[in-house]
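These are my notebook entries on one protein chain. I put down what I looked up, in the order I looked.

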Amino acid sequence: MYNGIGLPTPRGSGTNGYVQRNLSALRHKKGGGGEPPPGEEELRRLEAGLAKRPNPDILDHQRKRKVELKCLELSELMEEQGYAEGEIQEKVATFRMMLLEKDVALGEPEQKPTVTETHQLAEANEKKNERLRAAFGISDTYVDGSSFDPSRRAKEPPPEPPNPPTAVRDSSSSRSPSPKQKKKKKKKDRG
């Protein structure tokens, strides 16, 4: 027995005598009956915290830093090769303009970039959500839970009907091969 807790001796009890706390027992909090359910305003605040928007200024600053890093590498390379200072500045300025125009024209490449910054993650998530919204045909004005609103249909413009198929394929132009006929086995008489 340890501090008055447990068995006086573990003999015959089928246990090793080690005393453990019951982790599955729930402890009730003293005081009020808990927190009241969150209100509409608190729910909006929590949802806003979940879907953080990327800060465009920070993203723009990161892009400009990458451009400046490439320009600095070019200028160091040209200095090592023995170019004159004026010529270096001129070539770096044209290279900088080319990189900035290329970055603005293309935006982000479609390949999956390695993203580590919070704002880059938010931007990538926003692009992914936009692609999904376009794929499922969800409008930008859609509000969660509005499907249950009976007056929603009156507020929304009617959806465009799907395009009917223009040409019907006949079975002879099918690309898949026709199924092969199975051969029937002949039964042998055993008698």
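Entry 1, a loop. I looked up Ser147 and found that Ser147 touches Tyr142 and Arg152, not counting residues up to four places away in sequence. Contact here means heavy atoms within 4.5 Å. Ser147 sits in the loop between H4 and H5. Helices are DSSP runs (H or I, at least four residues) and strands likewise (E, at least two), numbered from the N terminus. Ser147 counts as partly exposed because its relative accessibility is 43%. I noted the scale: buried is under 20% relative accessible area, exposed is over 50%, and partly exposed lies in between (1.4 Å probe, protein chains only).

The model is predicted: local features need pLDDT of at least 70, side-chain atom pairs count only at pLDDT 80 or more, and totals for chains, interfaces and linings use all residues. Residues are numbered from 1 along each chain as its sequence is written, and side-chain values use heavy atoms, with hydrogens and water left out.

Areas come from the Shrake-Rupley method with a 1.4 Å probe, and for residues only the protein chains shown count as cover. Ile138 lies in the loop between helix H4 (118-136) and helix H5 (152-155). Ile138 is partly exposed, since its relative accessible area is 38%.

I found five helices and zero strands. Buried residues make up 7% of the 191 residues. The chain exposes about 19,200 Å², and carbon and sulfur atoms supply 54% of it.

Which residues form the largest nonpolar core? They are Val67, Cys71, Met78, Ile88, Val92 and Leu99. Helix H2 (56-81) and helix H3 (85-106) are the elements that give two or more residues to this core. A nonpolar core is a set of buried Ala, Val, Leu, Ile, Met, Phe, Trp, Tyr and Cys residues joined through side-chain atoms within 4.5 Å. Leaving aside neighbours within four places in sequence, Leu99 is in contact with Val67 and Lys70.

A salt bridge is a side-chain nitrogen of Lys or Arg within 4 Å of a carboxyl oxygen of Asp or Glu. A search of the whole structure gave four.

Glu123 pairs with Arg63, with the closest N and O atoms 2.9 Å apart. This pair links distant parts of the chain, Glu123 in helix H4 and Arg63 in helix H2, 60 residues apart. Is Glu123 buried or exposed? Glu123 is buried, because its relative accessible area is 16%. Arg63 counts as partly exposed at 22% relative accessibility. Beyond its neighbours within four places in sequence, Glu123 is in contact with Pro54, Leu59 and Arg63.

Arg96 pairs with Glu68, the closest N and O atoms being 2.7 Å apart. That pair also links distant parts of the chain: Arg96 is in helix H3 and Glu68 in helix H2, 28 residues apart.

Arg133 pairs with Glu130, and there the closest N and O atoms are 3.2 Å apart. Both lie in helix H4, three residues apart, about one turn of the helix.
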